[in-house]
Amino acid sequence: MPYKIINFLEKHMKKSKNKNFGENLLENYKNFLDNGKTERECVSQIIEGAKANGYIDISEADTLKAGDKVYVQKMNKVVALFEIGSENIENGLNILGAHIDSPRLDAKQNPIYEKDFITYLNTHYYGGIKKYQWVTTPLAIHGIVCKTDGTTVNINVGEDESDPVFCISDILPHLAQEQMKKAGTEIIKGEDLDVIIGSIKPSKKDENSDEKDKKKKKDEKVTGKKIILKLLKEKYGIEEKDFESAELEIVPAGKSRDCGFDRSLILGYGQDDRACAFTSFAALMDSDKKPSRTSCCLCVDKEEIGSVGATGMGSHFFENALAEIIARLNPEYSELSLRRALANSYMLSSDVNAAFDPLNTNLYDKDNASFLGGGLVFNKYTGSRGKSGASDANPEFIAKLRACMTKAEVNYQMAELGKVDQGGGGTIAYLAAKYGMNVLDAGISVLSMHAPWELTAQEDVKQAYTGYKAFLQLK
Ligand code: MN
Ligand code: MN
């Protein structure tokens, strides 16, 4: 059962009677970020929003016809939404594909330990982070704990004003002479990204108890860790062993905010790639014209660690979902229909690009960089070391998209991530391209990408939304 984050929808519905996400787009976007700090929370919001717009779970549809709207989800961490078009599905779909996982710290499976009166949550970081950025900043814990009795406990601590937050400590400058000489990768080590979750010292009574008594009552001795475990038991009904089957993500605590006196920017966690996931989702929800080609919004997990796993783009999730669609469109299902639908599809791999950074101009080729506020970024190829790992979009397809964006009056910019030889990155584009479809990376510029708080331009969020809407109508 996907759990519900009603806050987002309640707020949205109050503001917008016609369920149009484009109205108050930026408020809806920030709301989506604040209530979607894990892939599960994003899937939950997307499904709730889709249901409110007439989408049903595919398991509830025996057959499908033009105009029908369904969603397919797996493990509550990946979701695909489909609006069936009037054309034969073998002619291909228009797919907006984004990812909803973001860099963070994950709790280990035996995470709680106490050292010198401080109780810690041991973590293993997820995705590409600069470890030193994650210390001395308020953190929240989001996720689930699955118990052996089959029940699941939802955890979300650190977001409400009245909630406690958590934090990773750092060395004071007065004693940091050696630390400050270290390489950036060594300043804070991965194993040291342990989150403080408590610090109660044993009481005087315990300390003063005589040796004999101490030994006898060793197991009963009150420790900080035991106090934390007791609190967890009381509040959530979970035991220490239950962390073995938990998925807890430690993320920056707090809401996304407007940034700058002119409020031109948004500062928020997880904008890679929820900026594109939200705008893709909103574009599909708000598509007013009935599409001729079937529209799809796909939000996948695990992109930040290589699109692996059952919920990543490297899995068969998407083609299985499409097979389910085709089987309901045509009772004489054929594998060939599926292959043709995939190969004839158009896709925007809606993922973010690195925004040009005026403080680090040497890292960018200015003529081929994307600028905050410059509009939707088209990235013909990603990859590194000579385009390695890129799908390299076809110019025929790019020309089609240029015409589409120009017609829709969408500002777009052609860009690469950074200078050749400076590094690189990847998206889900190459995995979709394996089916033979036309794919182009198309997303929003992000400054301080993968930092706890990332920056995007409000204008770009609008342009992406409008551009994605236009793409869904592409013939
Ligand atoms: Mn990304
Ligand atoms: Mn990323």
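Select Ile 171 to begin, and you will find the residue in the loop between strand S8 (152-157) and helix H4 (184-187); helices (H or I, at least four residues) and strands (E, at least two) are DSSP runs, numbered from the N terminus. The model is predicted, and local features therefore need pLDDT of at least 70, while side-chain atom pairs count only at pLDDT 80 or more and totals for chains, interfaces and linings use all residues. Residues are numbered from 1 along each chain as its sequence is written, chains are lettered from A and ligands numbered from 1 in the order in which they are written, and side-chain values use heavy atoms, with hydrogens and water left out.

Ile 171 is partly exposed, with a relative accessible area of 43%, where buried means under 20% relative accessible area, exposed over 50%, and partly exposed in between (1.4 Å probe, protein chains only).

Then select strand S10 (residues 246-252), in which 6 of the 7 residues are buried, so the strand is largely enclosed by the rest of the structure. Strand S7 (residues 139-146) pairs with S10 in the antiparallel sense over 7 bridges, and two strands pair if DSSP finds at least two bridges between them; within this region, Leu 139 stands opposite Pro 252. Strand S5 (residues 104-115) also runs antiparallel to S10, joined by 2 bridges, and Leu 105 has Ile 250 as its bridge partner.

**The manganese ions.** Select ligand 1, a manganese ion coordinated at 2.2 to 2.6 Å by His 99 (NE2), Asp 272 (OD), Asp 351 (OD) and Asp 351 (OD). Donors are N, O and S atoms within 2.8 Å of the metal (3.2 Å for Na, K and Ca), and water is not among the atoms, so sites may look incomplete. His 99 in strand S4 (residues 93-99) and Asp 272 in helix H8 (residues 271-285) link distant parts of the chain, 173 residues apart, and both are buried.

Which residue bridges the two manganese ions? Asp 272 does so, and the ions lie 3.4 Å apart. Select ligand 2, and you will see this manganese ion coordinated by Asp 272 (OD), Glu 304 (OE), Glu 304 (OE) and His 450 (NE2), at 2.1 to 2.5 Å. Asp 272 lies in helix H8 and Glu 304 in the loop between strand S13 (294-300) and helix H9 (317-329), so the pair ties together parts that are 32 residues apart in sequence.
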